[in-house]
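Reader: I would like to learn how to read a helical model from its coordinates. Please take the terms in order and apply each to the case at hand.

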Amino acid sequence: MMVRAVSKTRTLHWLIAVFVALALATGYMAQQIPSMSGEFLRIHLAAGLLAGLLSLMRLAVWLVAGGQASTIGHQSKGIDWAGKMVHGFLRVLPVILLVSGVGILVLTGAAPEILSGNVPDPDLLAQAPPQSLHHRAAFAFCVLIMGHVAAALWHRLSRQGRKPEQVPQSAIS
């Protein structure tokens, strides 16, 4: 029973990661390549919406079921605290991005224009109050993701450096 729950949580984690990466990349590309920004914005909206809704589901599960146990093992209190903070922000930031993105669309009325393949006036989007929050949250999210990936790689490599008798049997198979 516990294996299924972990498997579903892991699947949800990777689905969110894929949609977040797609949303971040297309949001950035929409600003960098004006000739294709309509296509990028449509993909950005779809990927961002899916990432945000899946993140809402994951946040609800996290709040109801509680956080999962550490997979790292023994670590200092500082590292444990930092890990909890990063994971908390990684769960909350996609929801902030979802709310601010929807806010931009509602306040500007740009969704029908984007969905029809047209590019809304960038000045109109820039005037929406949630846009600054949306961009700052996206930047913070990118920084946290890079730190999270670096920490995961560091932990993976540090596990490989252990002597065979120190490696748990579950890590061998």
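Author: Start with the elements: helices (H or I, at least four residues) and strands (E, at least two) are DSSP runs, numbered from the N terminus. Read along the sequence, this protein chain has the pattern α-α-α-α-α-α-α, which comes to 7 helices and 0 strands. The model is predicted, so local features need pLDDT of at least 70 and side-chain atom pairs count only at pLDDT 80 or more, while totals for chains, interfaces and linings use all residues. Residues are numbered from 1 along each chain as its sequence is written, and side-chain values use heavy atoms, with hydrogens and water left out.

Reader: What share of the 173 residues counts as buried?

Author: Buried means under 20% relative accessible area, exposed over 50%, and partly exposed in between (1.4 Å probe, protein chains only). Of the 173 residues in the protein chain, 27% are buried. Accessible areas come from the Shrake-Rupley method with a 1.4 Å probe; for residues, only the protein chains shown count as cover. The accessible surface of the chain is about 11700 Å², and 69% of that belongs to carbon and sulfur atoms.

Reader: How should I read contacts along the protein chain, and what percentage join residues at least 24 apart?

Author: Contact means heavy atoms within 4.5 Å. Among contacts between residues at least 6 apart in sequence, 76% join residues at least 24 apart.

Reader: How are two packed helices described?

Author: Two packed helices are described by the angle between their axes and the distance between the axes. The axes are lines fitted to C-alpha atoms, for helices over the stretch in contact, and angles run from 0 to 180 degrees between N-to-C directions. Helix α3 (residues 77-108) packs against helix α6 (residues 130-160) at an angle of about 155°, with the axes 9 Å apart. Therefore α3 is roughly antiparallel to α6, given that angles under 35 degrees count as roughly parallel, over 145 as roughly antiparallel, 65 to 115 as roughly perpendicular and the rest as oblique.

Reader: What is the handedness of the crossing of α3 and α6?

Author: A crossing is left-handed if the near helix is turned anticlockwise from the far one by less than a right angle, and right-handed if clockwise. The crossing of α3 and α6 is left-handed. By class, their contact has 17 nonpolar, 7 polar and no charged residues. Here Ala, Val, Leu, Ile, Met, Phe, Trp, Tyr, Cys and Pro count as nonpolar, Asp, Glu, Lys and Arg as charged, and the others, Gly among them, as polar.

Reader: At what angle do α2 and α3 cross?

Author: The axes of α2 and α3 cross at roughly 135° and come within 8 Å. That makes α2 oblique to α3. The crossing of α2 and α3 is left-handed. Residues in the contact include L49, L56 and R58 of α2 and R91, V95 and L98 of α3. By class, the contact of α2 with α3 has 11 nonpolar, 4 polar and 2 charged residues.

Reader: Which residues does L56 touch, beyond those up to four places away in sequence?

Author: L56 touches V95 and L98. L56 lies in helix α2 (residues 37-65) and is partly exposed, at 38% relative accessibility.

Reader: Is R58 buried or exposed?

Author: R58, also in helix α2, is buried at a relative accessible area of 16%. Leaving aside neighbours within four places in sequence, R58 is in contact with T9, L12, H13, I16 and R91.
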